[in-house]
Amino acid sequence: MTIRIETKSGEFELAGISNGNILFSGLAQGLTLPYECATGTCGTCRARVMSGTVDIVWDAAPGFARLKRDKGDILMCQAHTKGDCVLRIPSDVGISERPRPRQFSGEITKTRLLTHDVVHFDVALDARMPFDAGQFVVLAAPGMAGGRAYSMVNYAPETDRLSFVVKKKPGGGFSQWMFGGAVQGSRLRVFGAVGKATFRPAVEANDLVIVAGGSGIAGMMSILECAIAAGHFERHRGRVYFGVRTLADGFYLSELSRFSIAAKGALTISLVLSHEPPLRDTHPEFPEIRLDTGFVHEAAARGLEAGAETALGFVAGPPPMVDGAIRVLLKDARIPARSIRYDKFG
């Protein structure tokens with residue numbers, strides 16, 4: 001099967017497709033197709049079917065809400081080919097020179113409960129995966145429709161072991177499965193690495209401002225591990241604002257404390273409590289971690305009043321938190337939009 005893709009920057013062909021996910025097939029062949037979540041939530045991977053037919057895997061995907069389905073609009077991340085077809089994408093598309101994502105298989109090798117509703121898990125892959133700090137993969141579990149996007153917590157330029165964190169959500173199929181029983185040894189399909197909210201210290205000489213809510217800290221842990229390994233904080237500074245509900249909801253605090261110590265004063269970590277006031281200025285077990293109160297983007301606004309115009313801003317978490325944090329980075333810190341990278345969790 002062949003897919004012809006018409007874009008603002010020219011036409012491309014995807015050949016040798018065998019009833020596969022259109023977005024994943026295009027990314028695997030090096031096309032810079034538009035996407036954000038890659039799981040049907042955001043609607044960014046919009047395309048229009050000009051000829052031919054496709055199968056939609058998840059017909060109720062939230063990203064369809066803004067599409068004109070009666071005119072043939074589809075989400076490429078939810079579309080599988082049935083034969084030759086022509087798609088039109090209202091974006092510029094090119095060929096990437098970066099490592100191309102591909103399909104892996106993996107096995108859950110270890111799980112660790114971090115709080116009452118947050119679990120860490122490790123996946124051993126069947127081959128080594130290259131990735132940039134801040135990227136994510138799409139995981140598909142057996143018997144579960146659709147894929148879920150999770151950022152890597154760990155960092156290595158290339159590795160066959162990935163670490164993730166998942167927060168228990170009411171009605172969340174994957175998270176309920178993770179908390180529902182013995183998942184160690186379960187096999188997963190893994191597509192990656194994908195995502196553009198990345199950090200490459202070899203080419204980015206900037207201070208870092210990180211704002212994360214809840215499990216949004218996952219990709220930020222990878223960024224910080226990468227920065228520490230590269231000696232980034234020997235020359236630059238970093239500020240991290242990590243928002244949780246209460247002191248008991250904080251996790252990865254030992255690792256964050258270790259990062260702060262390794263940075264020798266160049267990295268400040270603030271744990272921001274939205275549902276209880278802190279009883280002291282620093283964490284009782286990890287004095288390197290400051291305590292603050294309110295919503296995490298409000299704490300960032302207070303801490304960034306002096307501005308951080310040349311910094312790189314990284315934001316991850318639920319959409320309202322991400323939107324609030326981006327406004328803070330633009331308005332209070334005066335970081336240019338081109339220097340702000342974010343992941344929204346739908």
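Student: Quick one to start: does G231 count as buried or exposed?

Tutor: G231 counts as buried because its relative accessibility is 10%. Buried means under 20% relative accessible area, exposed means over 50%, and partly exposed is in between, using a 1.4 Å probe and protein chains only.

Student: What sort of model is it, and how do the residue numbers run?

Tutor: It's a predicted model, where local features need pLDDT of at least 70 and side-chain atom pairs count only at pLDDT 80 or more, while totals for chains, interfaces and linings use all residues. Residues are numbered from 1 along each chain as its sequence is written, and side-chain values use heavy atoms, with hydrogens and water left out.

Student: Where does G231 sit?

Tutor: G231 is in the loop between helix 3 and strand 15. Helices (H or I, at least four residues) and strands (E, at least two) are DSSP runs, numbered from the N terminus. From G231 to A262 is 31 residues in sequence and 9.3 Å in space, C-alpha to C-alpha.

Student: A262, which helix is that in, and what does it meet?

Tutor: A262 is in helix 4, and with E255, L256 and F259 it meets M221, L224, E225 and I228 of helix 3. Contact here means heavy atoms within 4.5 Å.

Student: At what angle do helix 3 and helix 4 pack?

Tutor: Helix 3 (residues 217–229) and helix 4 (residues 253–262) pack at about 30 degrees, and their axes are 10 Å apart. Axes are lines fitted to C-alpha atoms, for helices over the stretch in contact, and angles run from 0 to 180 degrees between N-to-C directions. The two helices are therefore roughly parallel to each other. The cut-offs are under 35 degrees for roughly parallel, over 145 for roughly antiparallel, 65 to 115 for roughly perpendicular, and oblique for the rest.

Student: What about S260, is that buried or exposed?

Tutor: S260, which is in helix 4, is buried, with a relative accessible area of 8%. Leaving out residues up to four places away in sequence, S260 touches G265, L267, I269 and E288.

Student: How many bridges between strand 14 and strand 18?

Tutor: Five, in the parallel sense.

Student: Which residues of helix 5 are buried?

Tutor: V296, A299, A300 and A301 are buried in helix 5 (residues 296–303). Their cover includes strand 14, strand 15, strand 16, strand 17 and helix 6 (319–331).

Student: And the antiparallel sheet, what's its order?

Tutor: That open sheet also has six strands, ordered 11-10-13-8-9-12. Strand 11 (148–151) and strand 12 (158–167) are at the edges with a single partner strand each, so one side of each has no neighbour in the sheet. Neighbouring strands there are turned by 40 degrees against each other on average, direction ignored. Strand 9 (residues 118–130) pairs with strand 12 over nine antiparallel bridges, and D122 has S163 as its bridge partner in strand 12.

Student: How many disulfides does the structure have?

Tutor: Zero, searching the whole structure. C85 is in no disulfide, and the nearest cysteine sulfur, from C45, is 14 Å away. The cut-off for a disulfide is a pair of cysteine sulfur atoms within 2.5 Å. C85 counts as buried because its relative accessibility is 4%, and C226 counts as buried at 5%.

Methods: Two strands pair if DSSP finds at least two bridges between them.
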